[in-house]
Amino acid sequence: ITGGAGFVGSHLVDYLMMQGHELIVVDNFFTGRKRNVEHWLGHENFELIHHDIVNPLFIEVDEIYHLASPASPPHYMYNPVKTIKTNTLGTINMLGLAKRVGAKVLIASTSEVYGDPDVHPQPETYWGHVNPIGPRACYDEGKRVAETLAYAYAKQENVNVRVARIFNTYGPRMHMNDGRVVSNFIIQALQNQSITMYGSGKQTRSFQYVSDLVDGLVALMASNYTLPVNLGNPVERTIEEFAEIIRDSVGCKSKIVELPAVEDDPQRRKPDIARAKRYLDWEPRVPLKEV
């Protein structure tokens with residue numbers, strides 16, 4: 001699991017370790033944290049390698065979950081060249097490893113490949129609407145190239161690939177200050193500060209709980225389905241509505257404040273998950289209010 005000490009990666013580690021698999025976690029700790037997986041250190045089935053996948057990796061494995069990449073705007077914009085390298089060179093190295101050892105490889109792509117979409121909700125057949133030179137392009141285009149690479153290796157080298165397009169996900173171990181909307185709102189509400197929205201708050205997002213995503217990733221890896229699959233919660237909410245839900249849950253008196261909109265911020269985001277339902281028998285089970 002590349003990026004296995006990150007937010008999503010560490011939850012996947014927990015799930016697979018509980019299933020009795022032998023795991024090698026590879027992470028350079030750019031955004032991942034050792035403490036996310038430290039409870040497995042010393043376990044006979046667990047190995048942690050401090051390694052940057054921009055450099056080749058020589059190990060023996062059967063399956064590769066390629067999750068390594070900064071995933072929140074402040075992180076991927078902080079070092080855009082690093083983000084592009086991780087998603088291009090890093091992906092080439094993981095596909096090369098899969099080719100050498102005959103492993104199946106799952107590429108963690110993103111809903112950002114759809115950009116600011118003209119089509120709603122977004123099916124996997126939609127090609128996207130992305131600014132290739134905007135501030136988010138290092139991530140959006142990096143992931144688009146990662147998908148292209150996956151299918152080039154599948155066609156030319158017969159590598160067995162899976163592609164998951166992951167929509168907004170939240171849960172324990174998210175970075176508190178990573179700039180993602182969920183953590184931002186929760187921290188502000190808990191500290192009784194104003195909850196700050198970028199733009200009018202009418203833009204929409206669909207939030208899935210991390211356990212649902214992990215179930216989807218494992219189901220996709222186990223399946224015979226090779227085309228991209230959206231993994232996300234199709235329940236769409238406005239950012240303003242989401243701020244109100246968090247404020248009410250925390251029980252604070254925070255004001256909701258509008259800040260200038262962020263450049264190239266997608267206005268609507270909702271996955272069409274018909275493909276995941278049909279081929280993986282997967283859909284999210286955890287409702288927002290329950291968590």
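1. Which residues in H3 meet which residues in H4? From H3 come Pro-80, Thr-83, Ile-84, Asn-87, Thr-88, Thr-91, Ile-92, Leu-95, Gly-96 and Lys-99. They meet Cys-138, Tyr-139, Gly-142, Lys-143, Val-145, Ala-146, Leu-149, Ala-150, Tyr-153 and Glu-157 in H4. Contact means heavy atoms within 4.5 Å. By class, the residues of this contact are eleven nonpolar, six polar and three charged. Nonpolar covers Ala, Val, Leu, Ile, Met, Phe, Trp, Tyr, Cys and Pro; charged covers Asp, Glu, Lys and Arg; the others, Gly among them, are polar.

2. Basis of the model. This is a predicted model, where local features need pLDDT of at least 70, side-chain atom pairs count only at pLDDT 80 or more, and totals for chains, interfaces and linings use all residues. Residues are numbered from 1 along each chain as its sequence is written, and side-chain values use heavy atoms, with hydrogens and water left out. Helices (H or I, at least four residues) and strands (E, at least two) are DSSP runs, numbered from the N terminus.

3. Geometry of the H3/H4 pair. The two helices pack at an angle of about 15°, and their axes are 9 Å apart. That makes H3 roughly parallel to H4. Axes are lines fitted to C-alpha atoms, for helices over the stretch in contact; angles run from 0 to 180 degrees between N-to-C directions. Under 35 degrees counts as roughly parallel, over 145 as roughly antiparallel, 65 to 115 as roughly perpendicular, and the rest as oblique. The crossing of H3 and H4 is right-handed. A crossing is right-handed if the near helix is turned clockwise from the far one by less than a right angle, left-handed if anticlockwise.

4. H4 itself. Residues 137-157 form this helix of 21 residues. From first C-alpha to last it reaches 28 Å, close to the 30 Å expected at 1.5 Å a residue. The expected span is 1.5 Å times one less than the number of residues. Among its buried residues are Ala-137, Asp-140, Gly-142, Lys-143 and Leu-149. Buried means under 20% relative accessible area, exposed over 50%, partly exposed in between (1.4 Å probe, protein chains only). The cover over the buried residues includes helix H2 (73-78), helix H3 (80-101), strand E4 (104-110) and strand E5 (160-166). Just after H4, Asn-158 takes a positive phi of about 60°.

5. Glu-147 deserves a look. It sits in helix H4. Glu-147 counts as buried because its relative accessibility is 8%. Beyond four places in sequence, Glu-147 touches Ser-109, Val-113, Val-163, Arg-165 and Pro-228.

6. The H5/H7 pair. The axes of H5 and helix H7 (residues 239-250) come within 9 Å and cross at roughly 40°. The two are therefore oblique to each other. H5 passes H7 in a right-handed crossing. H5 supplies Val-181, Val-182, Phe-185, Ile-186, Ala-189 and Leu-190; H7 supplies Ile-239, Phe-242, Ala-243, Ile-246 and Val-250. This contact of H5 with H7 has eleven nonpolar, no polar and no charged residues.

7. Backbone points to check. Most residues other than glycine have a negative phi, and most peptide bonds are trans. A cis peptide bond joins His-120 and Pro-121, with omega about -10°. Pro-121 lies in the loop between E4 and H4. Phe-29 has a positive phi, near 60°. Its loop runs between strand E1 (23-27) and strand E2 (46-50). Asn-192 also has a positive phi of about 60°, and at 51% relative accessibility it counts as exposed.
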